[in-house]
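Here is a short briefing on the structure shown below.

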Amino acid sequence: PNLLKQTLQNKIVSKQKEMKDLRQTHSNYKIGDITIGSLLGGMRGNSLMYWDGTTLSPTEGIKFKGLTIEQCQDKLPNAKDVFGNISNNNNGKFFLPESMLWLLITGEIPTREQTLSVINLLNNILRQQNGELPPVTETIMNKLPADMHPMTQLSIGITSLSSQSKFSSLYSQGKLGKSEYWSSTFDDSMKLIANLPLLAGKIYSRLHQKKTGPQPLGSINYEMDWAYNISSMLGMTKDSQNIKGLTPKQQSDFVELMRLYTGIHVDHEGGNVSAHSTHLVGSTLADPFLSYSSGINGLAGPLHGLAAQEVVRFLFNLQKKLEKQQQKSNDALGDTDAAITKEIWRLLSNQQVIPGYGHAVLRIFDPRFDAMLNFVKQRPKEFQNDKHVNLMQNLSQIVPDILIKHGKCKNPYPNVDAASGILFYHYGITELMFFTVIFGCSRAIGPLTQLIWDRILGLPIERPKSIDMTTLKSMTK
Ligand code: FAM
């Protein structure tokens, strides 16, 4: 039995009624004003779309069905809750993305059994595929140039899965009534999420093909969770080739990092580009694969998900510069802060952005950044000699003051990308272009959950009105 789908089904009637009442009774209620400034400024501050899973407060950060990240860590089942003591170290403490998936779809905190049912749901999809990508996707992925950007490969891979879409197939056969759209959208969405460890693994293995050959770097362990299996398919667990030569403790830590990262990146309310693109394309009744590949294309922009890659490049260049300067001046660590400050000002005066800083909505230290930083603080021995991780921490103390003085950006604080890439790098994911693929695995969960609800609630095709310069000018006369 599909516990998640059944639980969702039980919620449909009352939620549809809520929406119908709102539409009938309050359609004319005004919720904001649109100014020329916001129209030309990327619609900042305009509440224009319906999104139910998460909300983003400028001062409190992300909330998942009303729960902060800390509350989620406290309340949602983690690997220890689900599997018992899986290792003799302290890991297994971060909530599993599967429990977040349950929360976002049903609005309820899952029990251990319910979380396990989501793990089994995803693993059973892969069992039916013998732990391999569908043949069409496998063929297409193998034909892509190995040096094509991993995000382009991910987008193509997800698009190609569209040939598996139950929704599209039933729709084109004229077999679907409106009230049935959600069911096959649910099945397609779960299929997409289940296939992401395989796709990410495929893309990563192609980066290593010269050394490791064409075979996968790992295999799916049907007893384990989704984040574990992403790690395996990247070659980072005992179910894999352990291509980076990690110790068992490091393997376990890497899986823990993957659970943390893929748990907190699932969603960031609806207006961000990856979520909004999925929603927009989905509103045409494009299937979940076509819809989410649009989200992936948006995530691949340097101002959005690609920032993780840019941050690591930035940290490496900065570290090199600092070391050169120290050699020149024969200085110990004394003047590092001054040198960092000078370099940040140089970049700003060259009109460059400081990657990993700023946010369109947040006006605080991103709580997701804090969560990643805590991961480091809980493992002082592991990270004490990593100069780039140290630089990342140092920057987070120095850059905000500079950005405040610079006076341009509305949020001078680090966002999640300031920390994420360099932690993956630490464990051996040294291919910078790959980081955003991991983001892309996680982000599927929020927007696809919403897409299922869009179908349940019968949200219409999105069609905002555009305005030309002549009209804008005539309005202001
Ligand atoms: N460094 C230098 N200048 C910055 C800046 C930064 N980190 N962040 C913003 N600004 C500038 C911005 O370019 C704009 O300049 P102009 O007026 O010349 O156009 C000005 O400050 C006002 O921008 P804002 O209103 O504060 O930010 P936006 O809402 O326009 O943009 C971001 C938000 C995230 C795109 C922007 O802060 C940025 O480019 N940050 C660096 C890239 C980054 O880290 N992106 C990742 C965001 C992350 F959360 C994610 O999506 N994964």
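**Ligand shell**

The shell around the ligand divides by class into 10 nonpolar, 7 polar and 3 charged residues. The model is a predicted one.

- In total, 20 residues surround the ligand.
- The closest are Ala 307, Gly 358, Ala 360, Cys 409 and Lys 410.

**Two domains**

- Domain 1 is made of three segments, 3-9, 43-301 and 434-457.
- Domain 2 covers 307-432.
- Their C-alpha centres are 28 Å apart.
- Domain 1 brings 25 residues to the contact, and domain 2 brings 23.
- On the side of domain 1 that touches domain 2, β2 (61-64), α12 (248-264) and α21 (435-443) each give two or more residues.
- Of these, α12 gives the most, with 7 residues.
- That side of domain 1 counts 17 nonpolar, 5 polar and 3 charged residues.

**Helix α15**

- Helix α15 runs over residues 307-329, 23 residues in all.
- Buried residues in α15 are Ala 307, Ala 308, Gln 309, Glu 310, Val 311, Val 312, Phe 314 and Leu 315.
- The buried residues of α15 pack against α19 (387-406), α20 (417-426) and α21.
- Ala 307 is buried in α15, and Ala 307 is also among the residues closest to the ligand.
- α21 packs against the buried residues of α15, and α21 also gives residues to the side of domain 1 that touches domain 2.

Notes. Residues are numbered from 1 along each chain as its sequence is written. This is a predicted model: local features need pLDDT of at least 70, side-chain atom pairs count only at pLDDT 80 or more; totals for chains, interfaces and linings use all residues. Domain bounds come from an automatic or database domain assignment. Two residues are in contact if their C-beta atoms, placed from the backbone, lie within 7 Å. Helices (H or I, at least four residues) and strands (E, at least two) are DSSP runs, numbered from the N terminus. Ala, Val, Leu, Ile, Met, Phe, Trp, Tyr, Cys and Pro count as nonpolar, Asp, Glu, Lys and Arg as charged, and the others, Gly among them, as polar. The expected span of a helix is 1.5 Å times one less than its number of residues. A residue is buried if 20 or more other C-beta atoms lie within 10 Å of its own, exposed if 12 or fewer, and partly exposed in between; C-beta atoms are placed from the backbone. A residue is near a molecule or strand if its C-beta atom, placed from the backbone, lies within 6 Å of it.
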